[in-house]
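Colleague: Please put the model on the screen, and then let us go through it.

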Amino acid sequence: QVQLVESGGGLVQAGGSMRLSCVASSSVRTYSSYTVAWFRQAPGKEREFVAGIQLSTGSTHEADSVKGRFTISRDAASNTVKLQMNSLKLEDTAVYYCAADLLRVGVISTSALVYGYWGQGTQVTVSS
């Protein structure tokens, strides 16, 4: 079992920064080999991949829409994955979800369908 809890959302002005955290509580011995990803969903839109990290290797992958602005990182000691968001834009407004699962080695999937564990989501609102 893996429980994920997101935090750090809120209201920020365009051009500002915000950091989201995803803390995992896991009884799974293989959690250190999981892939953790951030997705987001804006009203009326499909859930979309934002960034992911492979916990054992530290390799990362970001969506083109956030590349150069968002950075995903991990803190193994605290079972935390962070998403640092800089230069925020109005279109970054969404509910942000943390997701995790054990995928093939080296794989960071951009499909929400392959992740079996999800957090409850945290709202990020970017204002003008």
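Colleague: What is the relative accessible area of S87?
Modeller: S87 has a relative accessible area of 40%, so S87 is partly exposed, a class between buried (under 20%) and exposed (over 50%), computed with a 1.4 Å probe on protein chains only. Before we go on, this is a predicted model, in which local features need pLDDT of at least 70 and side-chain atom pairs count only at pLDDT 80 or more, while totals for chains, interfaces and linings use all residues. Residues are numbered from 1 along each chain as its sequence is written, and side-chain values use heavy atoms, with hydrogens and water left out.

Colleague: Fine, and where is S87 found?
Modeller: S87 belongs to the loop between β8 and β9, the latter covering 94-101; strands here are DSSP runs of E, at least two residues long, numbered from the N terminus.

Colleague: What about phi of S87?
Modeller: Phi of S87 is near 50 degrees, which is a positive value in a residue other than glycine. Most residues other than glycine have a negative phi. N79 is not a glycine either and has a positive phi, of about 50 degrees. N79 sits in the loop between β7 and β8 and is partly exposed, with a relative accessible area of 29%.

Colleague: Which residues does R69 touch, leaving out those up to four places away in sequence?
Modeller: R69 touches Q84, M85, N86, S87, L88, K89 and D92, contact being heavy atoms within 4.5 Å. R69 itself lies in the loop between β6 (60-62) and β7, and it is buried, with a relative accessible area of 10%.

Colleague: How many bridges join β7 to β8?
Modeller: Six bridges join β7 to β8 (residues 80-85), and the two run antiparallel; within this pairing, S73 stands opposite K82 of β8.

Colleague: Which residues of β1 are on the covered face?
Modeller: V2, L4 and E6 make up the covered face of β1, whereas Q3, V5 and S7 are on the uncovered one.

Colleague: And how many aromatic pairs does a search find?
Modeller: A search of the whole structure finds six aromatic pairs, where rings of Phe, Tyr and Trp (its six-membered ring) pair if their centres lie within 6.5 Å, with planes under 30 degrees apart counted as stacked, over 60 as edge-to-face and the rest as tilted. One of them is Y31 with Y34, tilted, with 5.2 Å centre to centre and 45 degrees between the planes, and both of these tyrosines are buried. Another is F39 with W118, whose centres are 5.2 Å apart and whose planes are at 50 degrees, so this pair is tilted. It links distant parts of the chain, 79 residues apart, with F39 in β4 (residues 35-41) and W118 in β10 (residues 117-118).

Colleague: Which residues form the aromatic cluster?
Modeller: F39, F49, Y97, Y115 and W118 form one aromatic cluster.

How values were computed: Pairing = 2+ DSSP bridges. Helix = DSSP H or I, 4+ residues; strand = E, 2+ residues; numbered from the N terminus.
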